[in-house]
Amino acid sequence: METIYLNHSTQNIVPSKAESCVIALGFFDGMHLGHQEVIESAKRIAEERQLRFACMSFFPHPKEVLLSGSEKVQYLMPMAEKQKVLHEKGVEKFYIVEFDRRFASLSPKQFVYEYLLQYGVEHVVAGFDFTYGYRGEGHMGRLAEDADGKLDVLKVEEVGCKGQKISSTLIRNLICSGRMDLIEEYLGRSYELVGKIRVNHDVLEIVIDPYYLLPASGEYEVLVKMGVAEWVQTATVVDGKVILQKYDSQRHFLHDFTNVRLEWKRCLVPVL
Ligand SMILES: Cc1cc2nc3c(=O)[nH]c(=O)nc-3n(C[C@H](O)[C@H](O)[C@H](O)COP(=O)(O)O)c2cc1C
Ligand SMILES: Nc1ncnc2c1ncn2[C@@H]1O[C@H](COP(=O)(O)OP(=O)(O)OP(=O)(O)O)[C@@H](O)[C@H]1O
């Protein structure tokens, strides 16, 4: 997968050979089941129409820019993890647009011409609630018109669970209240954190990579993955840290900075 970073200065360089593509649009934090439906629909169309399969996302989150930092977005995954998931889904070109005030003030039509048509986009796939352009005035109902008929559009209908729209916001709220047992129904898999080990006497402190959201304080059942080894144990979240008990049998392969993945299964003891 090729990753292409775009901002207002790269817009002056017209791509030399823009290959025709289908593009999935959105922020896609966490890659939940709604996002997966959008990505998989785009892939299906790319295969049917024999076009390249692309995805466009933004960074930082629009809310962080538009609310002038008054709302801190708690990301579910860093960009590197989003790239990994998109690569696994078969995306061939991943456009990351720098979301700044200048970009936010583009009219819907400018966005369509300068960021989609200019890059060879022929078919857009996004969810029913995707918005674009100044004040988010562009929406799926007017996208074909904004493109003067030069784009085909697929609007993915709402993917829900228990009568609610699956959303990154809903998943953030579940994590913040420690309901890790419910996450799989929305995400399609357990919530995963990536970090590095720091051996601290008889415990392992996990230094979580930036841009992950830590579950509420408490004790959790987690699946620990280190290289090819994996096992289930209890993790404690306290004072914004993740602590694992260290077992004597592990002493040969546990070193500072060893990479670790933690899959969060359920809360055993919440800290109120
Ligand atoms: C060109 C462009 C300009 C935007 N300008 C605004 C804006 O002025 N105000 C706003 O609330 N959102 C704006 N947005 C953000 C969208 O409303 C939306 O949050 C973003 O496209 C991510 O879509 P998603 O949340 O459906 O993934 C803009 C988006 C794009 C692509
Ligand atoms: N439940 C859903 N069903 C169908 N499409 C969805 C769903 N959730 C998001 N999408 C689509 O996926 C893309 C990315 O959406 P976005 O990142 O805004 O997700 P979100 O879960 O709504 O995020 P947030 O809760 O932060 O607003 C957009 O095209 C959006 O319309």
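# Chat about one structure

Q: How do the residues of the shell around ligand 1 divide by class?
A: There are eleven nonpolar, four polar and one charged. Nonpolar covers Ala, Val, Leu, Ile, Met, Phe, Trp, Tyr, Cys and Pro; charged covers Asp, Glu, Lys and Arg; the others, Gly among them, count as polar.

Q: Hold on, what sort of model is this, and how is it labelled?
A: It is a predicted model: local features need pLDDT of at least 70, side-chain atom pairs count only at pLDDT 80 or more, and totals for chains, interfaces and linings use all residues. Residues are numbered from 1 along each chain as its sequence is written, while chains are lettered from A and ligands numbered from 1 in the order in which they are written.

Q: Back to ligand 1. Which residues come nearest?
A: Gly26, Phe27, Phe111, Tyr132 and Gly136, out of 16 residues around it. A residue is near a molecule or strand if its C-beta atom, placed from the backbone, lies within 6 Å of it.

Q: Which elements give two or more residues to that shell around ligand 1?
A: Helix 2 (62–66), helix 4 (101–104) and strand 6 (131–132) do. Helices (H or I, at least four residues) and strands (E, at least two) are DSSP runs, numbered from the N terminus.

Q: And ligand 2? Which residues are closest there?
A: Gly26, Phe27, Gly34, Gly127 and Thr169, among 21 residues that surround ligand 2. Helix 1 (33–49), strand 5 (121–127) and helix 7 (168–176) each give two or more residues to this shell.

Q: Which element gives the largest share of the shell around ligand 2?
A: Helix 1, with four residues. By class, the shell of ligand 2 has nine nonpolar, seven polar and five charged residues.

Q: New topic. How many helices and strands are in the protein chain?
A: Eight helices and 16 strands.

Q: What does the radius of gyration say about the protein chain?
A: It is 21 Å, close to the 19 Å that the globule rule gives for 272 residues, so the chain is as compact as a globular protein of that length. The radius is taken over C-alpha atoms, and the rule is 2.2 Å times the number of residues to the power 0.38.

Q: Which domains does the protein chain have?
A: The assignment gives domain 1 (2–161) and domain 2 (190–270). Such bounds come from an automatic or database domain assignment. The C-alpha centres of the two domains lie 34 Å apart.

Q: How many residues does the contact take from domain 1 and domain 2?
A: Six from domain 1 and six from domain 2. Two residues are in contact if their C-beta atoms, placed from the backbone, lie within 7 Å.

Q: What about sheets? What is the order of the open sheet?
A: The six strands of the open sheet run 1-4-3-2-5-8, with parallel pairing. Two strands pair if DSSP finds at least two bridges between them.

Q: Which strands stand at the edges?
A: Strand 1 (2–6) and strand 8 (152–156). Each has a single partner strand, so one side of each is left without a neighbour in the sheet.

Q: How many bridges join strand 3 to strand 4?
A: Six, between residues 52–59 and residues 93–98. Met56 stands opposite Tyr95 in strand 4.

Q: Which strands does helix 3 lie across?
A: Helix 3 (residues 79–88) lies across strand 1, strand 3 and strand 4, at about 165 degrees to strand 3. Axes are lines fitted to C-alpha atoms, for helices over the stretch in contact, and angles run from 0 to 180 degrees between N-to-C directions.

Q: Now the barrel. In what order do its strands run?
A: The closed barrel of six strands goes 11-12-15-14-13-16, with antiparallel pairing. The twist averages 45 degrees from one strand to the next.

Q: How many bridges join strand 13 to strand 14?
A: Nine, linking residues 218–226 to residues 229–238. Val222 has Gln233 as its bridge partner in strand 14, and Leu223 has Val232.

Q: Which residue takes a positive phi in the hairpin of strand 13 and strand 14?
A: Gly227, near 55 degrees, in a hairpin with two residues between the strands. In the hairpin of strand 14 and strand 15, Asp239 takes a positive phi near 50 degrees.

Q: Last one: is the bond from Phe59 to Pro60 cis or trans?
A: That peptide bond is cis, with omega near -5 degrees. Pro60 is in the loop between strand 3 and helix 2. Most peptide bonds are trans.
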